[in-house]
Every structure is written in C-alpha cells, then in structure tokens.
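Subject: Structure handover

Hello,

Here is the structure I promised to pass on. Please open it beside this message and follow along.

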Amino acid sequence: MASGAMRLRAGDALLVVDLQRDFCPGGALPVPDGDKIVPLANELIEEAVAADACVVAVRDWHPPGHASFHEKGGPWPPHCVQNSAGARFHDDLRLPENAILVSKGMALEQDQYSAFAVEGFADRLRSVGVRRVLIVGLTQEYCVRESALDAVAAGFETHVRLSGTRPITLEKGREAVEDLRHAGVIVEDGEDKS
Ligand SMILES: [Zn+2]
C-alpha cells in the first residue's frame, strides 16, 4: 500500500465512480487505460468489506437522447444509456451485494458529473455514519473531480486515490488534481506538486 494512503475502516465510504464498460477501452467514451484501475478498485472493495466500510457504486445512467450527447448539442458521444451493454459495470469489477448503487445523469435535460448531485446522497451517507470518503474511478477530470469537490464541500474528509483514477486527457487530469488539492481534498499517490 502506498504511504499516506487512507486505510478503510467502519464509518468510511469507498466510492467507485463510473467504472463502466463505455468508459473503458472498446467502449463508447473510452478513457485510456480506464480498465487498468479495476484490480485496485477490487482490492479496495475487499478492504472495505473486511473493515465494514460502505461500498458505493456510482454509475452514469442516461436515458436515450440525453442532453449531454452530441445529437442534442452536448459534448459527448452517446454513452452509458440505461440498460445497454455499455452501461454495465466493468465485467471484472467485484461489487458486494450490499453496495449502495447511485445512478446519475438520469434526467433527460440535465447532466450530472457528481455523485453528490444526486438528491439525498450526502444525507444517505451521513445517516449511516460516514465521515470519510475515498474515491476511485473514472474519469479523473470530470466525475471523480466533481464528486470529490462536492464531497469536501459537504464536510466529508475526502481522499482520492490517484492511482485508482484515469483521465481522458493527461493535461486536464493534472489540472483536476490541482483543483482537488486546492479545495482540501487529500490526493493520495500523487506525484510531486512542482
Ligand atoms: Zn455521461
């Protein structure tokens, strides 16, 4: 384990963000090496289960013709359409049966990059005693970034395991890391800031 890495314990939540087939190589909106983080995600899930921490599986879950798609003038090719093969979690991801499932981007006219944009999510975590969150997943500069910024703003001690994320573009990924640090998110496994 990397030095300084958060050790999961009861009262923590592990958020696995958008580790879906469409965001992995071969998918509709592939992140370079997006699938390479699956083994680490599985390790952390095992650690969470053993420690009685919550596991939260966040997924992009769009209706057909979603506002974020090119056909509607949005920035993205169609991806993670509800119930499509591409919207499934990566085949090798081993989520526990009691994982909390959070679906975002479900409203036709509105995109959601952050898990905390889903109404009631922060309260749900608080209601089960969560104080710290550890975030991994895709993509580093959109949904991981936004989720982490919202988590810290909501008062959670927020960690992002950088080796458990991947950006679409390296430059935007680096910018995201700076934004996270600036906001008080604990970025683990990061390279030197200079
Ligand atoms: Zn999306």
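Below are my notes, taken helix by helix and then loop by loop.

One point before the details: this is a predicted model.

**Helix α4**

Start with α4, residues 170–183. The helix has 14 residues. From first C-alpha to last, α4 reaches 20 Å, close to the 20 Å expected at 1.5 Å a residue.

Which residues of α4 are buried? They are Gly173, Ala176, Val177 and Leu180. Seen down the helix axis, the buried residues fall within an arc of 100°, so they line one face of α4. On the other side, Glu171, Arg174 and His182 are exposed.

What do the buried residues of α4 pack against? Their partners are α3 (140–153), β5 (157–166) and β6 (186–188). Just after the helix comes Gly184, with a positive phi of about 95°.

**How α3 meets α4**

Look next at the pair α3 and α4. Their axes come within 10 Å and cross at roughly 5°. Angles under 35 degrees count as roughly parallel. The two helices are therefore roughly parallel to each other. On the α3 side, the contact is made by Gln140, Glu141, Tyr142, Arg145, Ala148, Leu149 and Val152. On the α4 side, the residues include Lys172, Asp179 and Ala183. Gly173, Ala176, Val177 and Leu180 of α4 also take part in this contact, and these four are buried.

Cys143 sits in α3. Its relative accessible area is 5%, and buried means under 20%, so Cys143 counts as buried. Leaving aside residues up to four places away in sequence, Cys143 touches Val17, Asp18, Lys104, Tyr113 and Leu138. Val38 is 105 residues from Cys143 along the chain, and their C-alpha atoms are separated by 17 Å.

A cis peptide bond joins Leu138 and Thr139, with omega about -20°. Thr139 lies in the loop between β4 (132–138) and α3. For context, most peptide bonds are trans.

How many disulfides does the structure hold? Cys24 is in no disulfide. The nearest cysteine sulfur to Cys24 is that of Cys80, 9.5 Å away. A disulfide needs two cysteine sulfur atoms within 2.5 Å, so 9.5 Å rules out that pair. Cys24 is buried, at 3% relative accessibility.

**Loops with a positive phi**

Most residues other than glycine have a negative phi.

- Cys80 has a positive phi of about 45° although it is not a glycine. Cys80 is found in the loop between β2 and β3. Cys80 is buried, with a relative accessible area of 0%.
- Asp33 has a phi near 60°, also a positive value in a residue other than glycine. Asp33 lies in the loop between β1 (12–17) and α1 (38–51). Asp33 is partly exposed, at 37% relative accessible area.

**One more loop residue**

Asn83 and Ala148 are 65 residues apart in sequence. In space they are 26 Å apart, C-alpha to C-alpha. Ala148 is one of the α3 residues in the contact with α4.

Best wishes

Technical notes. Residues are numbered from 1 along each chain as its sequence is written. This is a predicted model: local features need pLDDT of at least 70, side-chain atom pairs count only at pLDDT 80 or more; totals for chains, interfaces and linings use all residues. Side-chain values use heavy atoms; hydrogens and water are left out. The expected span of a helix is 1.5 Å times one less than its number of residues. Buried means under 20% relative accessible area, exposed over 50%, partly exposed in between (1.4 Å probe, protein chains only). The arc is that of the directions from the helix axis to the C-beta atoms. Contact means heavy atoms within 4.5 Å. Axes are lines fitted to C-alpha atoms, for helices over the stretch in contact, and angles run from 0 to 180 degrees between N-to-C directions. Angles under 35 degrees count as roughly parallel, over 145 as roughly antiparallel, 65 to 115 as roughly perpendicular and the rest as oblique.
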